[in-house]
Amino acid sequence: MNYSRFLTAVSAARRPSAIRILTELQQRSPPSLISLAGGAPNPDTFPFQFATIKVKNGDSIVFDEATMKRALQYSASPGIPELLSWMKGLQKSLHNPPTLAYSPENGQMEMCVTTGSQEGLCKVFEMLVNPGDNVLLDAPTYSGTLAALLPLGCNIINVPSDQHGMIPEALGDILSRWDPADAHAPGSSVPRVLYTIPNGGNPTGASMTAQRKQEVYEVSGGKDTRSFIHSCTLLSNSSPWAPTFLSMDVDGRIIRTDSFSKILSSGLRIGFVTGPKPLVDRVVLHIQASTMHTSTFTQLMVSQLLQDWGQDGFLRHVDGVVQFYRSQRNAMLSSADRWLKGLAEWHAPAAGMFLWIRLHGIADTKQLIMEKALEKELICNAVHGGEFRPLGSSDASVMAGILRGPGTGVL
């Protein structure tokens with residue numbers, strides 16, 4: 001695949017940072033190396049000496065003086081090696097991507113660490129989306145996606161969805177407007193990017209079946225790829241053993257973003273981009289020019305925890321998180337059934353953190369939440385549906401979070 005034809009002019013113009021390359025070389029060098037380049041401050045001047053972080057199972061993560069010096073220093077833009085190695089092993093175990101065996105230029109699976117999945121989203125969109133490009137996505141969709149896409153000046157084409165996510169037949173109908181042969185033509189309007197949240201979608205809670213994922217993958221591209229699927233999946237949102245787009249990616253056209261926000265900590269800001277090496281390398285070039293790298297301290301903290309747990313321990317922790325939020329979901333559904341039956345409709349989410357509620361007889365929930373509720377001195381625990389559509393239009397739906405407990409309720 002010619003990945004270069006998918007790059008925006010800005011992404012194609014990015015060049016490696018000589019200083020960042022020196023930083024990565026220095027980190028692979030013995031401690032005795034004395035570097036006069038790169039601008040790394042002397043860690044002896046840092047005021048922090050050591051740290052012990054207590055884990056709930058009774059274990060501790062210990063940063064001795066040498067580790068603390070490393071934790072507070074610049075690190076490689078793709079991420080620290082041990083965290084990347086652990087995560088690549090996890091992706092292999094959970095998804096076994098066909099692209100693992102591909103050559104780098106043909107889309108071999110690669111990863112990089114990002115400062116949360118939102119950074120990954122922004123950088124991937126800026127790499128692939130030009131002004132005027134057609135981009136396919138679910139309606140409604142994650143508001144953070146819209147915030148990243150709309151300023152790029154693209155044309156958003158909504159693909160109809162239901163409680164099982166994007167509808168393959170609807171996607172096929174939309175794509176039938178273009179001749180696949182035009183995909184390689186200069187200035188082609190054929191959509192090149194498809195974005196979806198396949199499990200526990202934000203805000204609807206929709207989750208695709210394995211069959212639907214396979215159908216969406218096949219409809220969207222095939223061997224003559226005309227669109228990437230950019231699937232954003234939070235590790236906590238579904239069983240780790242569910243079939244994924246990454247596990248189906250024989251064409252090397254899936255870019256997946258993951259986040260530890262919902263299962264380890266939202267404040268640590270640790271996320272990952274997984275996808276074809278030529279594209280992940282471009283994301284890394286953008287990181288070099290923007291954040292330089294995700295916090296070394298938080299990477300080391302998470303890496304040590306994962307090394308101590310191992311994959312089995314990590315997956316047990318994920319199961320515990322899933323069980324917790326399942327009880328929260330059930331409490332939310334019970335409240336909805338008690339107070340909203342006959343006034344609204346909803347589908348029980350199989351994954352995710354939100355309940356999407358469509359109110360009967362209400363054309364604009366923004367007015368209900370932001371005006372009428374406030375007049376009654378009530379702040380609603382919900383976000384109006386228009387926030388999840390491209391133009392922030394009126395919508396009869398609301399998104400209610402199922403995060404808090406034990407007094408979880410509706411609205």
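Hi everyone, let's start at Met292, which sits in the loop between helix 10 (277-289) and helix 11. Please keep in mind that this is a predicted model. Met292 is not a glycine, yet its phi is positive, at about 75°. With a relative accessible area of 30%, Met292 is partly exposed.

Which residues does Tyr74 touch, leaving aside those up to four places away in sequence? Met292 is one of them, and the list also includes His293, Thr296, Arg20, Thr23 and Gln27. Gly39, Ala40 and Pro41 belong to that list too. Tyr74 itself is placed in the loop between helix 3 (65-71) and helix 4. Its relative accessible area is 34%, so Tyr74 is partly exposed. Look also at Ser295: from Tyr74 to Ser295 we count 221 residues in sequence, but the C-alpha atoms are 8.3 Å apart in space.

Let me step back to the whole chain for a moment. There are 12 helices and 15 strands. The chain has 411 residues, and 49% of them count as buried. If we take contacts between residues at least 6 apart in sequence, 71% join residues at least 24 apart.

Now to helix 11, and how it meets helix 4. These two helices pack with their axes 9 Å apart, at an angle of about 25°. That angle makes helix 4 roughly parallel to helix 11. The crossing of helix 4 past helix 11 is left-handed. On the helix 4 side, the residues that meet helix 11 include Glu82, Leu83, Trp86, Gly89 and Leu90. On the helix 11 side, among them are Leu300, Val302, Leu306, Gly310, Phe314 and Leu315.

Trp86 and Phe314 form one aromatic cluster together with Phe260 and Phe272.

How many aromatic pairs does the structure hold? The number is six. One of them is Phe63 with Phe297, a tilted pair with 4.9 Å centre to centre and 55° between the planes. This pair links distant parts of the chain, since Phe63 is in strand 2 (residues 60-63) and Phe297 is in helix 11 (residues 296-339), 234 residues apart. Phe297, at 23%, counts as partly exposed.

Phe324 and Tyr325 give us another pair: the ring centres are 5.0 Å apart and the planes are at 80°, so this one is edge-to-face. Phe324 counts as partly exposed, at 42% relative accessibility.

One more ring to point out is Tyr217. Arg253 lies over its face, 3.9 Å from the ring centre.

I'll finish with a few backbone details. Where are the cis peptide bonds? One joins Ala139 and Pro140, with omega about 0°, and Pro140 lies in the loop between strand 4 (134-138) and helix 6 (143-149). Another joins Asn202 and Pro203, with omega about 15°. Pro203 is in the loop between strand 8 (193-196) and helix 8 (210-220).

You will find Arg269 in the loop between strand 10 (254-259) and strand 11 (271-276). Arg269 counts as partly exposed, at 30% relative accessibility.

Notes:
Residues are numbered from 1 along each chain as its sequence is written. This is a predicted model: local features need pLDDT of at least 70, side-chain atom pairs count only at pLDDT 80 or more; totals for chains, interfaces and linings use all residues. Side-chain values use heavy atoms; hydrogens and water are left out. Rings of Phe, Tyr and Trp (its six-membered ring) pair if their centres lie within 6.5 Å; planes under 30 degrees apart count as stacked, over 60 as edge-to-face and the rest as tilted. Helices (H or I, at least four residues) and strands (E, at least two) are DSSP runs, numbered from the N terminus. Buried means under 20% relative accessible area, exposed over 50%, partly exposed in between (1.4 Å probe, protein chains only). A charge sits over a ring if NZ of Lys or CZ of Arg is within 6 Å of the ring centre and within 35 degrees of the ring normal. Axes are lines fitted to C-alpha atoms, for helices over the stretch in contact, and angles run from 0 to 180 degrees between N-to-C directions. Angles under 35 degrees count as roughly parallel, over 145 as roughly antiparallel, 65 to 115 as roughly perpendicular and the rest as oblique. A crossing is left-handed if the near helix is turned anticlockwise from the far one by less than a right angle, and right-handed if clockwise. Contact means heavy atoms within 4.5 Å.
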